[in-house]
Amino acid sequence: QVQLVESGGGLVQPGGSLKLSCAVFGNIFSIETMAWYRQTPGKQRELVGRRTGYGSTTYGDFVKGRFTISIDNSRKTLTLQMNSLEPEDTAVYYCNLRPVGGGNYWGQGTQVTVSS
């Protein structure tokens with residue numbers, strides 16, 4: 001089984017930057033998709049960014065070039081780099097991983113608050 005653990009959330013000022021990390025526990029031999037989502041209480045979960053095993057990348061409409069998702073060579077760490085943060089970005093952020101061969105894994109989430 002695979003487990004994901006997010007870290008790096010916290011309080012940042014508007015216009016600031018924050019890097020979220022997702023540690024992957026368990027062996028992943030091939031990735032179908034890796035992604036970051038976010039959710040605010042009372043709202044449905046929305047896609048932040050997704051990368052496929054083919055190398056294609058998709059970002060949510062609200063990202064507007066501000067965020068970047070990545071994964072290290074060993075496939076043990078997923079990263080979400082967020083720049084030019086605004087109060088509307090306040091949410092719980094979740095990492096998600098779908099290995100080739102089956103499975104759909106989620107982290108526990110990490111809180112990001114953008115406020116002055």
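The model is predicted, so local features require pLDDT of at least 70 and side-chain atom pairs count only at pLDDT 80 or more, while totals for chains, interfaces and linings use all residues. Residues are numbered from 1 along each chain as its sequence is written, and side-chain values use heavy atoms, with hydrogens and water left out.

**Figure 1. Overall fold of the protein chain.** The protein chain contains eleven strands and zero helices, where helices (H or I, at least four residues) and strands (E, at least two) are DSSP runs numbered from the N terminus. Along the sequence the pattern reads β-β-β-β-β-β-β-β-β-β-β. The radius of gyration is 14 Å, close to the 13 Å that the globule rule gives for 116 residues, so the chain is as compact as a globular protein of that length. This radius is taken over C-alpha atoms, and the globule rule is 2.2 Å times the number of residues to the power 0.38. Taken along the principal axes, the C-alpha atoms fill a box of roughly 45 × 25 × 25 Å.

Figure 2. Of the 116 residues, 40% are buried; buried means under 20% relative accessible area, exposed over 50%, and partly exposed in between (1.4 Å probe, protein chains only). The accessible surface comes to about 6,300 Å², and 48% of it belongs to carbon and sulfur atoms. These areas come from the Shrake-Rupley method with a 1.4 Å probe; for residues, only the protein chains shown count as cover. Among contacts (heavy atoms within 4.5 Å) between residues at least 6 apart in sequence, 53% join residues at least 24 apart. There are 11 positive and 8 negative side chains, and the centres of the two sets lie 5 Å apart. Lys and Arg count as positive and Asp and Glu as negative, without His and the chain ends; the place of a charge is NZ of Lys, CZ of Arg, CG of Asp or CD of Glu.

Figure 3. A pair of aromatic rings is described by the distance of the centres and the angle of the planes. Rings of Phe, Tyr and Trp (its six-membered ring) pair if their centres lie within 6.5 Å; planes under 30 degrees apart count as stacked, over 60 as edge-to-face and the rest as tilted. The count by this rule is one aromatic pair. The ring centres of Tyr-37 and Trp-106 are 5.1 Å apart and their planes stand at 55 degrees, so the pair is tilted. Because Tyr-37 lies in strand β4 (residues 31–39) and Trp-106 in strand β10 (residues 105–106), the pair ties together parts that are 69 residues apart in sequence. Tyr-37 is buried at 15% relative accessibility, whereas Trp-106 is partly exposed at 35%.
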